Amino acid sequence: MLLGRVIGTVVPAMVVDEISATPLLWVQPLDRDGRPEGKPLVCADGTRMAGPGQMIYWVASREAALTLDPWFVPIDDAIVGLVDDVRLYPPEDGL
Amino acid sequence: MILGRVSGSVVSTIHHRIVDGHKLLVAERLDQAGRPTGGYVIALDAIGAGKGETVLILDEGNGARQILDDASAPVRSIVVGIVDAVEVEPN
């Protein structure tokens, strides 16, 4: 799983039936310090609670397809949870 | 599997049910010399790893689902061991 930030909402005009009820969000992947890293991607929102500005963690591929209920839908990135806080240990502690 | 070093944790109250009761760790990926490569992964903790420890991370979905005993778990990375030492043969 990796961190990301929701940067927008995707409203499809037409999608396949399997994902017609799935919220789709535009997500910018982040590095561990919260800086943008890589290109934005569209994630299905398994929590159904994420919105623009929210930090989240997401999975790709087969794991993404398992995030939603009902599971095994044709998606390749999905939000698993919302991030309240990332607590990084201070580097002087021997890291 | 990959080697990582626990450098933090993620606090999450709203998440998929499979995350309930598990700690989410931020782990730095390590290179051959044990230095962070710059990459990271957020992994579920199955073993009780803590701050600064070098850990063995299973980074594959089917294995992770086997450990969680749940065929529908949307989890790929899971900490499955704490590493005492890594010996590298000198070239």
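**Contacts between chains A and B and the strands around them**

In this predicted model, 29 residues of chain A are in contact with 25 residues of chain B. On the chain B side, strand S1 (2-11) and strand S3 (36-45) each supply at least two residues that touch chain A. S1(B) gives the most to this side, with six residues. By residue class, the side of chain B that touches chain A divides into 11 nonpolar, 11 polar and three charged residues.

S1(B) also pairs across the chain boundary. Its partner in chain A is strand S6 (residues 85-88), and the two run in the antiparallel sense over four bridges. Two of the facing positions can be named. Leu88(A) stands opposite Gly8(B). Arg87(A) stands opposite Ser9(B).

Within chain B, S1(B) pairs with two further strands. With strand S2 (residues 24-30) of chain B, the pairing is antiparallel and spans six bridges. Here Val10(B) stands opposite Leu24(B). With strand S4 (residues 54-59) of chain B, the pairing is again antiparallel, over four bridges. In that pair, Arg5(B) stands opposite Thr54(B) in S4(B). S1(B) is mostly covered, with seven of its 10 residues buried.

In chain A, five strands form a closed barrel in the order S1-S2-S3-S5-S4, with mixed pairing. From one strand to the next, the twist averages 55°. Strand S1 (residues 2-10) of chain A pairs with strand S2 (residues 24-29) of chain A. This pairing is antiparallel and covers six bridges. Val10(A) has Leu24(A) as its bridge partner in S2(A).

The nonpolar core was examined next. In soluble globular proteins, nonpolar side chains tend to be buried together. The largest nonpolar core of the model holds 47 residues. Ile56(A), Tyr57(A), Trp58(A), Ala78(A) and Ile42(B) touch the most other members.

Leaving aside neighbours within four places in sequence, Ala78(A) is in contact with Cys43(A), Ala44(A), Gly46(A), Trp58(A), Val59(A), Ala64(A), Thr67(A) and Leu68(A) in chain A. Ala78(A) is also in contact with Pro74(B), a residue of chain B.

Definitions and conventions
Residues are numbered from 1 along each chain as its sequence is written. Chains are lettered from A and ligands numbered from 1 in the order in which they are written. This is a predicted model: local features need pLDDT of at least 70, side-chain atom pairs count only at pLDDT 80 or more; totals for chains, interfaces and linings use all residues. A nonpolar core is a set of buried Ala, Val, Leu, Ile, Met, Phe, Trp, Tyr and Cys residues joined through C-beta atoms within 7 Å. A residue is buried if 20 or more other C-beta atoms lie within 10 Å of its own, exposed if 12 or fewer, and partly exposed in between; C-beta atoms are placed from the backbone. Two residues are in contact if their C-beta atoms, placed from the backbone, lie within 7 Å. Ala, Val, Leu, Ile, Met, Phe, Trp, Tyr, Cys and Pro count as nonpolar, Asp, Glu, Lys and Arg as charged, and the others, Gly among them, as polar. Two strands pair if DSSP finds at least two bridges between them. Axes are lines fitted to C-alpha atoms, for helices over the stretch in contact, and angles run from 0 to 180 degrees between N-to-C directions.
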